[in-house]
Amino acid sequence: MSLLQIAEPGESRARQACHGRVVGIDLGTTHSLVACVRDGQPVCLPGPDGEVLLPSVVHYRSSGPPLVGAEAAAMAHLAPYDTIASVKRLMGRGLHDVMGKCPYRLNERSESVVRLRVAGGREVTPVEVSAEILRVLRQRAEQALGGELAGAVITVPAYFDDAQRQATKDAGRLAGLEVLRLLNEPTAAALAYGLDRRREGRFAVFDLGGGTFDISILDLRDGIFTVLATAGDTALGGDDMDRALVELICARHPGGAAFAASVEADPGLARHLLLQARQVKHRLSSEELVRITPVGGEGEVQISRADFEQAIAPLLQRTTLPCRRALKDAGLTAADLDGVVLVGGATRVPALRRHVAELFGRPPLCDLDPDQVVALGAAAQAEIIYSERNDMLLVDVTPLSLGLELMGGIVEKIIPRNSRVPTRARQVFTTYADGQTGFDLHVVQGERETAADCRSLARFQLRGIPPAAAGVARLEVTFLIDENGLLHVTAREQTSGKEASIQVKPSYGLTEEEIERMLLDSYEHGAEDVARRQLLEQRVEADRILNALRAALAADGHLLEPAERARLDEAAAALAAAREGQDHRLIAERIQALDRASQEFAQRRMDQSLSRAVAGRSLHDVERAVHLQEPATEGEPCPG
Ligand code: ADP
Ligand code: MG
């Protein structure tokens, strides 16, 4: 493979700006941190108050710059609408996603962007609020490092979608940061523990923060982490423990029910008590017994660690199911793991650590500070990127995207262009037709949306998988480009364990001019390609639905009255006609119409054999399914 450096617009500028001052930033829901590498060791940088944790809270005033951090948090009870906390939950979200769920004043007439109305008649977007937090961290780092920053790695949850990632990048740019890369939080934690120095392994990263719980399963091979599965609970965290403690304090208070009632009646007092409860929680992580005099009443309350553990037992229990699900989705059991990493301040609670140890059958890794571990890993990564950029003029990158042909001739890109080598990517596919017993795999290279417009690299087949209903089989396809630029494609059907693989030399025979032409081509045809892809996708979907309907009618047509049957046939005919046309929107409309027309029928079929219909496939699987076609040549006989 040729050594190529294709500079992205703006990248050359970034390189010039590098003075060696790069940082890692954990932009958290509750707290944010910035870290850098000093004398080869990542360290978190403290603010003027000596604290490394910056509360992710921004308070807007009627004039002057906003307050950020602890000062802002102190204003929350006085000006709740002007004090924005947990803005991470709003990042990359549309107005409709957050309406009714957001405790701030929303501009409900804004197009689709979330705009918060704050003091001084101003409106701010979540990106702007996050940028305020990042700006404070940037200043903190520039002061500590003595000059302008050359770049930052910012972490994001592994489940963040493109819009959420883009919003995070935008916030970085708005804060005057050169975002070197966004890094998944669990991967950052694994890097902080140096797990990437092992040859390979599988790790769980258990992250319990202030208000969210995330569990991720990572796979390390050839020095590259892949996220195999994520799960969690977006409404579970240390804050819930605080509330459980408040209840416990009220129940124990010598003032009895009158005390509880006075707290309930006074939001200011309730907030204060909540802060006090949080202090108690923190102390109980190292002390066995805590005595406090709660605000708003006479008398002392004693809370032992055992009392606290009893109060939060149901909360700990709520982490169990997501962990099991993530393992199951990754196709692993706890015994297959090589380690469990703890992340998030709430994992300091000893009972939580015991719970995790029990859940995974091993003590978790917890030598690093769980609030800092993500930022430390991000700093390590920033340093690596920086030093690589500095001493490399030539980095081995994939000059063109590599992908697989799907049903309908569409290309699914598996490794995007400009990925650094070595690299690995994984994607799960499923069968298109009932009874399909094989897969036809066509590996292509290029930027265009259809296989016919890309360069064909290789074809191979996987046969002999047990026939099953469409969408049940799970074909895991892995693309690995090794240090030598060789592409290894492996396809493994998970239920049967059948496997096939092939090796190709992707850029063999391509000159730089050819690569350039293929890239230019894709830019030229961009819009046209997208339209063509949409049409092909809708056609595939139409065929799939028409086939499924045909099979369902053959099997269970007796469940329909003649008039109902006529309506369905009519909707199916309308779809079949649209499918032959060029209008992808019309096809989509008729798919929906057919879907509506067949709902009653589907319901009856479900009622008839509920267990058979859902056995072995979760909704999750079906949603993520991408269909691959069956080999065209002599397949095994398929029923139906
Ligand atoms: P996020 O990722 O959501 O920003 P953090 O990782 O900073 O959150 O975790 C914040 C949570 O950790 C808070 O609920 C805080 O009370 C809790 N926490 C911090 N220190 C301790 C401790 N010593 N014992 C128990 N909980 C703690
Ligand atoms: Mg966090």
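**Contacts, helix packing and selected residues**

Colleague: Among contacts in the chain between residues at least 6 apart in sequence, what percentage joins residues at least 24 apart?

Modeller: This is a predicted model: local features need pLDDT of at least 70 and side-chain atom pairs count only at pLDDT 80 or more, while totals for chains, interfaces and linings use all residues. Residues are numbered from 1 along each chain as its sequence is written, chains are lettered from A and ligands numbered from 1 in the order in which they are written, and side-chain values use heavy atoms, without hydrogens or water. With contact taken as heavy atoms within 4.5 Å, the share joining residues at least 24 apart, among contacts between residues at least 6 apart, is 66%.

Colleague: How many helices and strands are there in the chain?

Modeller: Both kinds of element are DSSP runs numbered from the N terminus, with helices (H or I) of at least four residues and strands (E) of at least two. On that basis the chain holds 20 helices and 26 strands.

Colleague: How many disulfides does the structure hold?

Modeller: Cys-323 is buried, at a relative accessible area of 1%, whereas Cys-366 is partly exposed, at 28%. A disulfide requires a pair of cysteine sulfur atoms within 2.5 Å. The number of disulfides in the structure is zero.

Colleague: Is helix H15 roughly parallel or roughly antiparallel to helix H16?

Modeller: H15 (residues 526-556) and H16 (residues 562-579) have axes 10 Å apart at an angle of about 155°, the axes being lines fitted to C-alpha atoms over the stretch in contact and the angles running from 0 to 180 degrees between N-to-C directions. Their contact includes Leu-546, Leu-549 and Leu-553 of H15 and Leu-568, Ala-572 and Leu-575 of H16. Angles under 35 degrees count as roughly parallel, over 145 as roughly antiparallel, 65 to 115 as roughly perpendicular and the rest as oblique. H15 is therefore, relative to H16, roughly antiparallel.

Colleague: How are H8 and H9 oriented to each other?

Modeller: The axes of H8 (residues 256-265) and H9 come within 5 Å and cross at roughly 110°. In this packing, Phe-259, Ser-262, Val-263 and Ala-265 of H8 meet Pro-267, Leu-269, Ala-270 and Leu-273 of H9. The two helices are therefore roughly perpendicular.

Colleague: At what angle do helix H7 and helix H9 pack?

Modeller: Among the residues that meet here are Met-241, Leu-245 and Ile-249 in H7 and Leu-274, Ala-277 and Lys-281 in H9. The axes of H7 (residues 238-252) and H9 (residues 267-284) lie 8 Å apart, and the angle is about 105°.

Colleague: Is Thr-423 buried or exposed?

Modeller: Thr-423 is found in strand S20 (residues 423-431). Leaving aside neighbours within four places in sequence, Thr-423 is in contact with Ile-224, Ile-415, Phe-479, Leu-480 and Ile-481. At 13% relative accessibility, Thr-423 counts as buried.

Colleague: What distance separates the C-alpha atoms of Arg-181 and Gly-151?

Modeller: Arg-181 sits in strand S11 (residues 179-184) and is partly exposed, at 34% relative accessible area. Not counting residues up to four places away in sequence, Arg-181 touches Ala-152, Val-153, Ile-154, Gln-381, Ile-385 and Arg-420. Arg-181 and Gly-151 are 30 residues apart along the chain, and their C-alpha atoms are separated by 9.0 Å.

Conventions. Buried means under 20% relative accessible area, exposed over 50%, partly exposed in between (1.4 Å probe, protein chains only).
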